[in-house]
Amino acid sequence: MKSLLLATTAALAFAPAAFAADAVAPTADNTQVSSVIVTARPNPEDPPVVADARKRLSETPGAVSVISQESYINRQTLALDDMLRDAPGVYAQRKWGGDIRVSIRGSGIGNANHNRGLLIAQDGVPLNEADGYGDTQIADPLNTRYAEVYRGGNALRFGGALLGGAVNMVTPTGKDAGFQNKIRIDGGSYGLAREHIALARQVGDWDVFVAATNQTNQGWRSQSQQNIQFGSLNIGRSFGEDREVRLIVNGSNINQEIPGSLTLAQFNANPRQSSAGNLANDNGRNMRGVRGSLRTTWRLDDSLVFEGAVYAVWKDLDHPIFQVIDQQSRNYGAFGRFDWDGEIGGKRADAFFGAWYRTGDLDSNFYVNIRGGRGAPTSRTLQNAKAFDVFGEGRLFVTEEVALVAGANWGQAKRDYVSFAIPGVASTFNLTADKSYDWVSPRVGLLWQSEAGDQVFANLTRSVEPPNFGSMSPTNTGFAPVRSQKAWTGEVGARGHRGPFTYDVTLYRAELKGEMLQYTVNPSIPASTFNADKTLHQGVEAALDWAVAPRWRVRQTWTYSDFRFKDDVQYGDNRLPIVPKNFYRSEVRYDDPRGWFVAPSVEWSASDQWIDYKNTQKAPGYAILNLNAGWKVNQTVSLFLDARNLTDKAYVSNTQAAIAWTAGSAVLWPGDGRSVFGGVTVTF
């Protein structure tokens, strides 16, 4: 608790100049808007669709953000780490290529690979599999109009009960894309080349948005080449105000090499090298996928709106690592939610309530890896997952400024697993296993809002995360005895405007039981999962925008993360590895009336981060300097330049977890060296 009090003191000291990493000084050019802080007072510079999203999220009594495309379109944005950079409380760091570790409040930090503990969705359709496992590579920032970030229990609107919350990316429509035709060409260091084309049209009650992206890259490290294509189609039909039906289809084709993690000695000798095993086995991750949804928003009367969708997702994975993993998955689902505004006992009130069903099956086959090719089969399994959530939340304004909030989620998850014996392979077996999980996650909160739009909020939420198949590690005797991860999280915060400042600060404390943690068995082999006894996640999520002077703006975000064991038999009160204790970003931006801007920035991992549970070795902290500049030549043509890591600093971007570090622990992922990117965008 002492550390949290110290962090609170630091946060208050930070407030005068660092609480609003996401609002901008007024300019005449809407394309320079980059506000992501949610406040009840609309930002007149936001495009209407983003302003509407901010207004909707401002009703949440907790930590939320909106990230408009305008906030990142004038820099090199390849993946989620670039898009989520200015969102307070989000730890998004690149391991290699498009593989991004995304964690909110320590969600999934024990995972060696992939996403867990955080719902990542596009238009409400999860990029996660039905069992909760997911990949971040299939998100294209250029095909995202804006992203909603719901930290922690504030993701109840999606029916989720995960520790980290949710990130939902919204596809542009023919009505809100902001252009009719767009061509973008960009590229730069290490062979990066990307081409993007998009069309947006509205004819009568119909609108359509269609876009395609092609990207190739050799990569900063050896064994890190990429070849990626994205496509997006969004067709809508309006039937009047707040009434529409929409078909959205997103596709991806991703081919990536994997350079592997390094030992400390390897990193110090040459951080650009790849792991010898990854190079010998030609490790990579190759995925094809299609996601489609048919959705509707329909106003039933003056006080009630329904929003719902049915969706289907297909994915094919060819993944040569310690073995060649060949998997095909099919996921289906449906969700519906009612939003109500009215009165209770003469008091203003609103509520949402709904349900979400999802099911998925995965066919998994393993083969001997022969330099990236398939050898003899070693494993064959079928994995089926189902989940169902019923959720709701309501607000009652006991005064014009104060609202009481209460909600809950009831959920159920099922896992069915079948493995088959392969003739001549002694380690294979016939096994049928299944398991079910049920939970109830209540939530209570309080929201105060001034006439000017400033807000103070507090809430208490219970989160539950059942293990996915990777964590359950089936054997010839059944599933590993891994339990659901549970936590109570309390948070208090404030957001709003004060003169030239736009601020957003949240303090939270989560007490976990059975946190699912992993340790490295081998850099190329998926790690083993175990349940810790008690752990503690607490911290501060702070952001500030400061309009220093006309056309000058300072943007800052600071995330304080104190994650540790709590009276553990083996590890005492040791800190958990991976996420640094202090992580800070700052950018100073000048917008010239002649259409150009310049924005130097710093990314500072201000604390060394532990890489093992025994706290015997740290990865060093770092600070890297960047420079972003651009010029809007006219209403049609704009240019940008983005220079990263100007001093060519050798640094560890993030790590994997080990039980006890040794000289042979290959758990470090180097960040990219000095690089320069540029691009041109033509809209007409």
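In which strand is the place of Val245? Val245 sits in strand 12, which covers residues 243-257. The model described here is predicted. The UniProt record, an unreviewed entry, places the feature "domain: TonB-dependent receptor plug" at residues 57-166. Over residues 57-166 the chain is 5% helix and 29% strand, with the end C-alpha atoms 13 Å apart.

**Surface patch**

- Val245 has a relative accessible area of 31%, so Val245 is partly exposed.
- Together with Phe239, Leu247, Leu294 and Val310, Val245 makes a nonpolar surface patch of about 400 Å².

**Helix 2**

- Helix 2 spans residues 48-57, and its buried residues include Val49, Val50, Ala51, Ala53, Arg54 and Leu57.
- These buried residues pack against strand 1 (64-68), strand 6 (146-151) and strand 21 (485-498).

- Thr77 lies in the loop between strand 1 and helix 3 (80-83).
- Thr77 is buried, because its relative accessible area is 1%, under the 20% limit for that class.
- Beyond its neighbours within four places in sequence, Thr77 is in contact with Tyr72, Asp82, Met83, Pro141 and Arg194.
- Asp82 also forms a salt bridge with Arg644, and the closest N and O atoms are 3.4 Å apart.
- Arg644 is in strand 32 (residues 637-644) and Asp82 is in helix 3, so this pair ties together parts that are 562 residues apart in sequence.
- Both Arg644 and Asp82 are buried.

**Salt bridges on Arg330**

- Side chains of opposite charge can pair when their charged atoms come close.
- Asp361 forms a salt bridge with Arg330, with the closest N and O atoms 2.5 Å apart.
- This pair links distant parts of the chain, as Asp361 is in strand 16 (residues 347-370) and Arg330 is in strand 15 (residues 324-344), 31 residues apart.
- Asp361 has 21% relative accessibility and therefore counts as partly exposed.
- Asp363 forms a salt bridge with Arg330 as well, with the closest N and O atoms 2.9 Å apart.
- Asp363 in strand 16 and Arg330 in strand 15 are 33 residues apart, and this pair links distant parts of the chain.
- Asp363 is partly exposed, because its relative accessible area is 29%.
- Salt bridges that share partners join Arg75, Arg85, Asp86, Asp545, Arg553, Arg555 and Glu587 into one network.

**Ser586**

- Ser586 belongs to strand 27 (residues 582-591).
- Ser586 counts as buried because its relative accessibility is 14%.
- The side chains of Ser586 and Tyr584 are joined by a polar contact of 3.5 Å.

How values were computed: Residues are numbered from 1 along each chain as its sequence is written. This is a predicted model: local features need pLDDT of at least 70, side-chain atom pairs count only at pLDDT 80 or more; totals for chains, interfaces and linings use all residues. Side-chain values use heavy atoms; hydrogens and water are left out. UniProt positions are given in the numbering used here, feature names are shortened, and annotations may be inferred rather than shown by experiment. Helices (H or I, at least four residues) and strands (E, at least two) are DSSP runs, numbered from the N terminus. Buried means under 20% relative accessible area, exposed over 50%, partly exposed in between (1.4 Å probe, protein chains only). A polar contact is a pair of N or O atoms within 3.5 Å; within protein, one must be able to donate a hydrogen and the other to accept it, and residues adjacent in sequence count only if both atoms are side-chain atoms. Contact means heavy atoms within 4.5 Å. Patches are made of residues with over 30% relative accessible area and no salt bridge: like charges are joined within 9 Å, nonpolar side chains (Val, Leu, Ile, Met, Phe, Trp, Tyr) within 5 Å. Accessible areas come from the Shrake-Rupley method with a 1.4 Å probe; for residues, only the protein chains shown count as cover. A salt bridge is a side-chain nitrogen of Lys or Arg within 4 Å of a carboxyl oxygen of Asp or Glu.
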